[in-house]
Amino acid sequence: MSQKKIFSTHHDYEIQRRDVVYEGFFRFVRNHLRFELFNGGWSDSVTREILERTSAVGILPYDPFLDQVVLIEQFRIGATYQQDRSPWLVEVICGCIEAQETPTEVAYREAGEEAGCVIEALHPLCDYFVSPSCSNEYIHLFCGKINASAIGGIHGEPDENEDIRAFSISADEAFMLVRTGQIKSAPAIIALQWLQLNRDWLRSIWQK
């Protein structure tokens with residue numbers, strides 16, 4: 001009796017050709033491929049177009065003594081397609097992983113660049129594909145221990161045209177922003193929901 005396959009692997013598909021359609025800040029690639037079917041055999045050759053970009057890191061700074069989080073607000077071009085909503089989004093700190101960097105190194109760097117935060121400790125939350133049907137973008141999500149007493153103001157890298165407002169609010173206020181649908185960014189929603197579930201445990205560790 002053959003053993004039923006539980007999970008597919010990287011051996012179960014074949015990239016036949018990759019055509020780079022556009023290359024700029026992002027790379028747009030048309031893939032020609034086939035893959036193994038669950039019921040046996042292989043699919044016909046299919047075309048799947050992908051927006052390629054480097055992996056990224058998201059970080060939610062949290063002060064376990066003041067019970068405050070640091071969030072940022074900035075303009076996002078993708079949000080202009082929703083005409084009834086503001087394109088300035090409330091988010092967690094995020095940045096791309098550059099050559100030879102680790103996700104934790106990016107978390108420390110971006111926290112300083114985007115919010116003026118000094119990270120005292122990091123706790124990994126999860127990592128995930130953002131939208132794997134059309135992009136290879138992958139995010140590593142962290143919570144970072146900080147002192148939020150003097151956090152605020154405008155930050156960002158001028159040569160990258162960044163204009164980022166950082167602010168601190170109570171964790172409960174942030175949870176309410178998620179509950180009422182005022183936060184539209186997936187990394188922020190995921191990180192804040194994780195903190196809501198694990199706040200007592202995290203504070204017991206970081207307050208020592």
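**Helix packing and buried residues**

Student: Does H2 pass H3 in a left-handed or a right-handed crossing?

Tutor: This is a predicted model, where local features need pLDDT of at least 70, side-chain atom pairs count only at pLDDT 80 or more, and totals for chains, interfaces and linings use all residues. Residues are numbered from 1 along each chain as its sequence is written, and side-chain values use heavy atoms, without hydrogens and water. Helices (H or I, at least four residues) and strands (E, at least two) are DSSP runs, numbered from the N terminus. A crossing is left-handed if the near helix is turned anticlockwise from the far one by less than a right angle, and right-handed if clockwise; the crossing of H2 with H3 is left-handed.

Student: At what angle do H2 and H3 pack, and which term describes it?

Tutor: Axes are lines fitted to C-alpha atoms, for helices over the stretch in contact, and angles run from 0 to 180 degrees between N-to-C directions. H2 (residues 171–179) and H3 (residues 186–206) have axes 10 Å apart, at an angle of about 130 degrees. That angle makes H2 oblique to H3. Under 35 degrees is roughly parallel, over 145 roughly antiparallel, 65 to 115 roughly perpendicular, and the rest is oblique.

Student: Which residues of H3 does H2 meet?

Tutor: Contact means heavy atoms within 4.5 Å. On the H2 side are Ala171, Asp172, Ala174, Phe175, Val178 and Arg179; they meet Ile189, Leu192, Gln193, Leu195, Gln196 and Arg199 of H3.

Student: Is Pro64 buried or exposed?

Tutor: Pro64 lies in the loop between S4 and S5. Leaving out residues up to four places away in sequence, Pro64 touches Lys145, Ile146, Arg203, Trp206 and Gln207. Buried means under 20% relative accessible area, exposed over 50%, partly exposed in between (1.4 Å probe, protein chains only). Pro64 has a relative accessible area of 0%, so Pro64 is buried.

Student: What is the relative accessible area of Ser43?

Tutor: Ser43 sits in the loop between S2 (27–35) and S3 (46–52). Beyond four places in sequence, Ser43 is in contact with Arg34, Phe35 and Leu37. Ser43 counts as buried because its relative accessible area is 13%.
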